[in-house]
Each structure stands twice: as C-alpha cells, then as structure tokens.
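Hi,

Here is the structure I promised to pass on.

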Amino acid sequence: MNELYASSRVLIVTAVDAEKDAVLRGLGEQAAACFDVIAAGVGPASAAAGTAAAIAFASAAASAHELAQGTAAPAELDAAQASAASSGPGPAAGTGARSSAYGLVISAGIGGGFPGRADVGSIVVADAMTAADLGSQTPDGFLSVDELGFGSSRVAADAVLAARLRHELQRAGLAVSGGTAVTVSTATGTAQTAAELLRRVPDAAAEGMEGFGVAAAAQQFGLPVLELRGISNAVGPRDRDAWRIKDALDALQAASSILREVITS
C-alpha cells in the first residue's frame, strides 16, 4: 500500500447507491482489503453527518480491538467511544491527530462540470472543496462565511495525492482536470447562477452537493481528503435531456480503478 496510508483504511463517501456501486466496481473484488465505501445521502449536511459517524464508529471499533489485543490503553478506548457518541466534534477535532481506523477520506460521485474546464464524461480530481453558497446575501451582493468572519468555506485537498492521481488518470488515457470543486445545496439551473459561482470561485471546475460536507467532517478528525467527480452535465441552464449519467458513472468507475492502484501500490 502507498506508504502515506499503509497503516490505515480509506473511507470513500458517495451520496447515492448508484455512485457507491460504480466506485465498488472500479475498486474490484479486493476493495474490502483497504477501502470502506458508504452512501451517506444527498447534500452537505447528510454527507458531513454520515462521514463523521463512519469515522467515529470505525475509530471506536479499532480502539476496542486494540484494547482486546492488549495494545491500547483504556483511556484511548474511552476517548474513541466518547467521540462516537458525541453529536459534536470528538477528541480528535482540531488536534491534527489521525483516526486509528482511516488515513484518508474521499468524496466521490458524479456532478456538473463548468464548460471549458471539465467536459461531460471527464473526471475532476479537486485541489480544494468549497461551500460556494455558505454565507449571506447583502444589498451589495453575496458575502462568504469567510468574509463575514464566521469561519472558512474552503478545505484543501491532499495536494500530493491529488496530483499523483491526476497524473495516473492521464497516463491511462482518461480526460481529467483539477481546480476547485464547489459544493452547493441547490444545484445550478441557470446561466446567471453559473456565472455567479465562477465570480465567487474563479477556478471552479466541478459542482456537487456533498464534497465540502465530507471534507469538513474529515478535517475535524485531522484526516486528509480528496474529491473525485465524474462529470454528467454542464453547469448552467438545466437541460435534463442532455445529462449523461451513465457516462459519468463509467468515468467514476474507471477513476476508482486507477485510485485503487495509486493507493495500494
């Protein structure tokens, strides 16, 4: 396994079962050896809650196993159990300490691509995840939560792993791009909204509804994160007839196969 994650498993979070199934097909029969794949639900709140619960539960289970084997102190188990039971950030939050169960968290699924940056049927491996609509409307326009002084709407991806994955996808002949993956609670359906998103996030490449939620949860546990999107439609005017969901799922499956090689080699 890649030395960065040799001692831990990888958690992959999708929104729906169709995405989960595509990822599992790509990972292949040996996926269970080092990957856990879950469908946490649609939207940033479901994604964050599902991700945090999975990390906390797996961490508590790992600590219980270590205690049973005589390799962990009771205090470590108590801390993990408290994390799993708490509705707020657990003991690992903000400490930079890594979960004993996972070494990496990935938000994976299909989504929209910004024209000229991510074509339909291609793959985006994000450099960062941002909550593009988290903030406030004002008479002078939108203010992000960052500008309001209430926190950050951006989480950086694991830069080394993102670059390596893009490189390997390109070597495999797949169309791939980087940039920021924007997370929204309402999918874009007009040219005006698409233009506004690009104004807020000039390097936006893909749009989804879960990436920032997954990333925020992973960040609370001090875990690195990636976002991987197969592109099903252009961000802009809603044209359901033009969506290519199967192509996007096929791209996600192909990318997951390469991801397995990157992580486990």
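Predicted model: local features only at pLDDT ≥ 70, side-chain atom pairs only at ≥ 80, totals over all residues.

Residues are numbered from 1 along each chain as its sequence is written, and side-chain values use heavy atoms, with hydrogens and water left out.

Let me start with strand β10, residues 180–183 (strands are DSSP runs of E, at least two residues, and helices are runs of H or I, at least four, numbered from the N terminus). Both of its faces are covered, with T180 and V182 buried on one side and A181 and T183 buried on the other (buried means under 20% relative accessible area, with a 1.4 Å probe and protein chains only). Strand β5 (residues 128–131) runs parallel to β10 and is joined to it by four bridges (strands pair if DSSP finds at least two bridges between them). A128 has T180 of β10 as its bridge partner. Four bridges also link β10 to β11 (residues 204–208), again in parallel, and T183 stands opposite G208 there.

Next, S144 lies in strand β7, residues 141–144. S144 counts as buried because its relative accessibility is 15%. Beyond its neighbours within four places in sequence, S144 is in contact with L134 and G135 (heavy atoms within 4.5 Å).

Finally, in helix α8 the buried residues include A248, L252, A255 and L259.

Best wishes

Methods. Buried < 20%, exposed > 50% of the residue type's maximum accessible area, 1.4 Å probe, protein only.
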